[in-house]
Amino acid sequence: PLAPRSLDEFIGQKLVIKRIKEEIAAAKIEGRHHLDNIMMFGRPGLGKTTLMCLIARELGAEFEFLDSTSLMNDVKSQRKFREFFIRISKTTSPVVIAVDEIHRLSDALQSNLLTLLQSRVYSDMTDDGQTVQYEMPEFTFIGATTDYDAVLPTIKDRAMNLTFHLVDYTRDELRLIFEKKLSVYNYTASAKAIDACINRCRSSMRTVGAIIKGLHTKALNAKTNIITMNMIDDYFNDVSVDAIGLTAIEREILKVLAEDTGTALSAETLAARVSVKDAKLLMREHEPYLIKIGFISIISKGRCLTAKGRAYYERGYYDFGDGVVVGEPAAPASPAAPAASAAPATPEAPAAPAAPAAPEAPASPEAPASPAAPAAPAAPAAPEAPVAPETPAAPEVPVAPAASIAASDNSAGQGEA
């Protein structure tokens, strides 16, 4: 009872709704029960599946849905894919063929759709290599995806006329959606209570539906038709969702990235740190919203926390826009005290004029040099003393005879005794 029953009841996606209604009106004028191939892309929870169902209802066609996430690149999946289209070929009623998350199909399975989209014939190859073509009833093909870039260009080309980008809902649209869904149960809620739900719904219709069902349970148990703030706080505490819709795992992601400031973390490392068993699950279920609101960035080295993410982790601060804020912004930095103006410098006293240099005293005239005294006449040299005449040599004494010499020696000896 919560889903819209017609395109007129669908709230939001105004441009998409307008174009689809025009195409359906033109088809009815021509007596057709089908439209050109359609491609829809956008974040999860924006209403792609609901729109596919409504298109089938408006066209008066049957609805056949294929969830591509259940198909792998193996023989079993290929057989399941083939059986889906062969079964449709046996119907005679107009049909809407809705392939959800078409980018999850392998390139080989996407290529199998080319003949169907181009010639409206399903071409299949049997196990023994024979090609078999199946005539299809009047059909509208709709592919939906959250990763438009991963869809084969040849598939996108064949849906070029009707390719729609689904966008986030505005706060006013979300308010209308909550009020309408609460009215289904005859509930009322204050503007503050609805704002608290809008802040946590992440602009996802799936989340909106879950919130309404949870509050319905609270109201039944309280035996009231008024949704109070206590009920809302109690419900979100039960499901461990914070003031802006982050789950416990997403808050743990912020904590790990905030505390690990050394480097960016790979998806595998981050998944292990927050106890998510598969990195692909982390990238598919938790990272998209954190990236959308600007809390984490993915760079070549891995995942890192942004300034906005750190502000929320440290202070619980987040600005939704349109004046809606949770938490406290950082305190403005105190303006620096103006530097004290330097006292004006005391003007230097003018330097006293230098005293005029005293005139140099005139040099005294040099005294005339005294005339040199006349040199005394040299004393006359003393006459050399006359050389004394040499004394004449004494005459030699005559030598005595030998006997006389002996006698003299004896007398000389006795006298000393």
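Start with the crossing of α1 and α2, which is right-handed; a crossing is called right-handed if the near helix is turned clockwise from the far one by less than a right angle, and left-handed if anticlockwise. Select residues 48-59 to see α2, and residues 14-29 to see α1. Helices (H or I, at least four residues) and strands (E, at least two) are DSSP runs, numbered from the N terminus. The model is predicted: local features need pLDDT of at least 70 and side-chain atom pairs count only at pLDDT 80 or more, while totals for chains, interfaces and linings use all residues. Residues are numbered from 1 along each chain as its sequence is written, and side-chain values use heavy atoms, with hydrogens and water left out.

**The α1 and α2 pair**

Two packed helices are described by the angle between their axes and the distance between the axes. Here α1 and α2 pack at about 25°, with their axes 11 Å apart. Axes are lines fitted to C-alpha atoms, for helices over the stretch in contact, and angles run from 0 to 180 degrees between N-to-C directions. That makes α1 roughly parallel to α2, a label for angles under 35 degrees; over 145 counts as roughly antiparallel, 65 to 115 as roughly perpendicular and the rest as oblique.

Now show side chains. V16, I17, I20, I24 and K28 of α1 meet L51, I55, E58 and L59 of α2, where contact means heavy atoms within 4.5 Å. By class, this contact has 7 nonpolar, no polar and 2 charged residues. Ala, Val, Leu, Ile, Met, Phe, Trp, Tyr, Cys and Pro count as nonpolar, Asp, Glu, Lys and Arg as charged, and the others, Gly among them, as polar.

**The sheet**

Next, select the strands. In what order do the 5 strands of the open sheet stand? The order is β2-β3-β6-β1-β7, and the pairing is parallel; two strands pair if DSSP finds at least two bridges between them. β2 (62-67) and β7 (162-165) stand at the edges with a single partner strand each, so one side of each has no neighbour in the sheet. From one strand to the next, the twist averages 15°.

Helix α1 packs on the sheet, touching β1 and β7, and its direction makes about 160° with that of β7. Then select α3 (residues 75-89): this helix also packs on the sheet, touching β2 and β3 (95-100), at about 175° to the direction of β2.

**Inside the sheet**

Select β1 (residues 38-41) and β6 (residues 139-145), which pair in the parallel sense over 4 bridges. In β7, the bridge partner of M40 is F164. On β3, V99 has G143 of β6 as its bridge partner, and 6 bridges join β3 to β6.

In a regular strand the side chains alternate between the two faces of the sheet. Are the residues on the two faces of β1 buried or exposed? I38 and M40 on one side and M39 and F41 on the other are all buried (under 20% relative accessible area; exposed is over 50%, partly exposed in between, with a 1.4 Å probe and protein chains only). In β6, 7 of its 7 residues are buried.

**Last stop: α11 and α13**

Select residues 248-259 (α11) and 279-292 (α13), whose axes come within 10 Å and cross at roughly 70°. The two helices are therefore roughly perpendicular. I249, E250, I253 and L254 of α11 meet L282, E285, H286 and L290 of α13. These contact residues divide into 5 nonpolar, 1 polar and 2 charged.
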